[in-house]
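Here is a friendly note to read beside the structure. Please keep the 3D view open and find each place as it comes up.

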Amino acid sequence: MTIVSGAGSAGIEQAAQRLAAGGLVALPTETVYGLAARADDDTAVAAIFAAKGRPADHPLIVHVRSRDEALGFAAGLNDAAERLIAAFWPGPVTVIVPRAPGRADAAAARLPTLALRCPAHPVARALLERCAQLGVPGLAAPSANRFGHVSPTTAQHVADELGDELLVLDGGACEHGIESAIVDCSGAAPALLRPGVVSRERLEQALGAALREPDERSPGAPGTLESHYAPRATLRLMSAAEVKSALQVLPASIQGLAVYSRSAPRRHPLVQVMPDDPRAVARELFAVLRAFDARGVKLIWVEQPPDTPEWEGVNDRLQRAAAH
Ligand code: TXA
Ligand code: MG
């Protein structure tokens, strides 16, 4: 087993040395766990794509310590990118910017743009800091799951998903539980490619402008793929009324079904109670779906949360999981 604590300097040192040498390390962030390689080493980055089973044309996010480090990868930062960075870094907002030629080619899937994020998790920050001392200018890191599957929010999820050989830095359960919001700042007006825990409203406040919808052809990859973030079980989104009436006619002992709901009877043996707070649901969502899979559940009924701004990130992940 190669889960090591990220709390002490020994784990950070081991991980940084491995990364500096071109190896892979899984690291905790405040959103989900990432699978990292040095961003300036295309061979190391290719190993991320192989480990995830990710198509080579799906670009990765490069994680940096600061705006200044981001400047090393970007062909300049426009007003939108500067505003988001000033308002939310370090934190769960990723910006897509024009890429400096020749930087992070493999991570960017050779696109002319690059996704940049500055994580807030103390273990991620300590690792980036030590990596920088070793001459590593940033870490390319997608979520540490097999392509298309739900993202891991604990070190054990990563080990379950990607195997024992991988070095996993343990930073506890992730605070937010769904991936960062992604804002494409490479065009004339910024577009929200993936909603996160920072609401559209707060992003727009910081931008001083409305976000536009992404174009069909934007290379959002999983951000534009319908089916993603999916458990192995089939997930069906239902209204509260549908869940309630279905539970009334079903035998409570039925096999292979689980219900994740805010309003179904709490004591019902099939029901896992969904919290009322969208941030609490985001935090536990992927762990709940994984636990259903681990129990051998074949069908998951999820009560559709309200179509309101504070639920946007959770609703986005549920819709993609249901499209599987
Ligand atoms: O919270 C997060 O963002 C986590 C943690 C580990 O930082 N990372 C993460 O990475 O979710 P990943 O690779 O699973 O998702 C990154 C998304 C993908 O949908 C990818 O297609 C999109 O960002 N992306 C990356 N570079 C892009 C680019 N240049 N243009 C458009 N989309 C891009
Ligand atoms: Mg992912």
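1. Let us begin at a proline. Pro90 sits in the loop that runs between helix H4 (79–88) and S5; helices (H or I, at least four residues) and strands (E, at least two) are DSSP runs, numbered from the N terminus. The peptide bond from Trp89 to Pro90 is cis, with omega near -10°. For background, most peptide bonds are trans, and most residues other than glycine have a negative phi.

2. A word on how to read this note. This is a predicted model, in which local features need pLDDT of at least 70 and side-chain atom pairs count only at pLDDT 80 or more, while totals for chains, interfaces and linings use all residues. Residues are numbered from 1 along each chain as its sequence is written, chains are lettered from A and ligands numbered from 1 in the order in which they are written, and side-chain values use heavy atoms, with hydrogens and water left out.

3. Next, look at two alanines. Ala104 is in the loop between S5 and S6, and its phi is near 50°, a positive value in a residue other than glycine. At 5% relative accessibility, Ala104 counts as buried (under 20% relative accessible area; exposed is over 50% and partly exposed in between, with a 1.4 Å probe and protein chains only). Ala109 lies in the loop between S5 and S6, and its phi is near 50° too, again positive.

4. Now step back to the sheet. Ten strands make an open sheet with mixed pairing, in the order S1-S8-S2-S3-S7-S4-S6-S5-S9-S10; two strands pair if DSSP finds at least two bridges between them. Strand S1 (3–5) and S10 are at the edges with a single partner strand each, so one side of each has no neighbour in the sheet.

5. Strand S5 (residues 93–98) pairs with S9 in the parallel sense over 4 bridges, and Val93 stands opposite Ala181. With strand S10 (residues 191–194), S9 pairs in the antiparallel sense over 3 bridges; the two form a hairpin with 6 residues between them.

6. Which residues are closest to ligand 1? They are Thr31, His63, Arg117, Ser143 and Ser180, among the 26 residues that surround ligand 1 (each with a heavy atom within 4 Å). S6 gives the most to this shell, with 4 residues. His63 has Arg117 in S6 as its bridge partner.

7. An oxygen atom of ligand 1 is 2.6 Å from an N or O atom in the side chain of Thr31; for Arg117 the distance is 2.8 Å, and for Arg54 3.1 Å.

8. Finally, find the rings. Tyr229 and Phe286 have ring centres 6.2 Å apart and planes at 15°, so the pair is stacked (centres within 6.5 Å make a pair of Phe, Tyr or Trp rings, Trp by its six-membered ring; planes under 30 degrees apart are stacked, over 60 edge-to-face, the rest tilted). Phe286 is buried at a relative accessible area of 0%, and Tyr229 counts as buried at 3%.

Conventions. Polar contact = N/O pair within 3.5 Å; in protein donor to acceptor, adjacent residues only side chain to side chain.
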